[in-house]
Amino acid sequence: MCLLFFTLPKRINVLPSHIFLQTTRSRRTATQTTIRSLCSKMSFEPSPSSLTHSITLPIQLSQPVHVLAAPGLTETEFRNAIESSLFKQWLHNLQTETGILANGDMLLKQVLIQGVDMFGKRIGFLKFKADIFDKETGTKVPGIVFARGPAVAVLILLDSGGETYAILTEQVRVPTGRVMLELPAGMLDDDKGDFVGTAVREVEEEVGIHLNLEDLIDLTAFLDPSTGCRVIPSAGGCDEEISLFLYKGSVEKENNQPATRKRNRSS
């Protein structure tokens, strides 16, 4: 990883100062929606040739959902997938007020679990394909899902010597085939929904700056409530939702010059 400082043009005003004052002490508490453990009934049905599951969703009681394991997926991986918070949260989202199944026009028939990537003892990434149909036309809607859950990013702006600097990290990103300049960011490590705490930890790990919780402003709290106050950058294929925080501070000019040249590359 490489730490870089970028000078912002003076003509750019990131946010009016009154917004900072207004929100510093009245920041929305960001917590994940509690998922009811009894939102669906599941039954495990092993067979010599395949792993299958049956789910009954309260919103479509007359039509059980069949969950299948793709060839090569182990029984442990399959169980971990269907019991993961990522999969349960997706099922929950389908049945919310704005969910795909909410008005009864769509039907979920089958889910194929295709891949599981473990981050230690928890699932980091989950890949599956859902067969969801329009009841009236019989048309199947695109249903390939890459589930990775919520994440946070932090925009750090530092005033120094009459200039404003933004801190970015340089990361090797294999999916894009590129070395990317990014805001300090990271995934939530648990299901507790501690967005602010995660933001502070990511900044300290990636940049080496310790921030106080009360100094962070939740920019996504300004979004319309219909968005869930999250940014979803790739809704066509990924469930990732990002909370964006702002930290604004100052630093002596002689202190930021060495940091500009600092390059701590790591895996």
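This briefing covers the nonpolar cores, aromatic pairs and charge-over-ring contacts of the structure above. The model is predicted. The protein has 267 residues, of which 39% count as buried, and its secondary structure comprises five helices and 14 strands.

**Overall figures**
- Among contacts with a separation of 6 or more, 62% are between residues 24 or more positions apart.

**Nonpolar cores**
- In soluble globular proteins, nonpolar side chains tend to be buried together.
- The largest nonpolar core here contains 27 residues. Phe-87, Trp-90, Leu-108, Val-111, Ile-113, Leu-126 and Phe-128 have the most contacts inside this core.
- Two helices, H2 (75-83) and H3 (85-94), each give two or more residues to this core. The strands that do so are E3 (51-56), E4 (65-69), E5 (106-119), E6 (122-134) and E8 (144-147).
- Another core, of 16 residues, lies apart from the largest one; Val-152, Val-154, Ile-167 and Leu-211 are among its members.
- Beyond its neighbours within four places in sequence, Trp-90 is in contact with Leu-108, Val-111, Phe-128, Ala-130 and Val-145.

**Aromatic pairs**
- The structure has five aromatic pairs.
- One of them joins Phe-87 and Phe-128, with ring centres 5.6 Å apart. Their planes stand at 90°, over the 60 degrees required, so the pair is classed as edge-to-face.
- Phe-87 lies in helix H3 and Phe-128 in strand E6. The two are 41 residues apart, and their pair links distant parts of the chain.
- Phe-87 and Phe-128 are both buried, and together with Trp-90 they form one aromatic cluster.
- Phe-119 and Phe-125 also pair, with ring centres 5.0 Å apart. This pair is edge-to-face because the planes are at 70°.
- Phe-119 has 34% relative accessibility and therefore counts as partly exposed.
- Phe-125, at 21% relative accessibility, also counts as partly exposed, because buried means under 20%.

**Charges over rings**
- Lys-109 places its charged end over the ring of Phe-133, 4.7 Å from the ring centre.
- Arg-230 has its charged end over the ring of Phe-195, at 4.1 Å from the centre of that ring.

Terms used. Residues are numbered from 1 along each chain as its sequence is written. This is a predicted model: local features need pLDDT of at least 70, side-chain atom pairs count only at pLDDT 80 or more; totals for chains, interfaces and linings use all residues. Side-chain values use heavy atoms; hydrogens and water are left out. A nonpolar core is a set of buried Ala, Val, Leu, Ile, Met, Phe, Trp, Tyr and Cys residues joined through side-chain atoms within 4.5 Å. Buried means under 20% relative accessible area, exposed over 50%, partly exposed in between (1.4 Å probe, protein chains only). Helices (H or I, at least four residues) and strands (E, at least two) are DSSP runs, numbered from the N terminus. Contact means heavy atoms within 4.5 Å. Rings of Phe, Tyr and Trp (its six-membered ring) pair if their centres lie within 6.5 Å; planes under 30 degrees apart count as stacked, over 60 as edge-to-face and the rest as tilted. A charge sits over a ring if NZ of Lys or CZ of Arg is within 6 Å of the ring centre and within 35 degrees of the ring normal.
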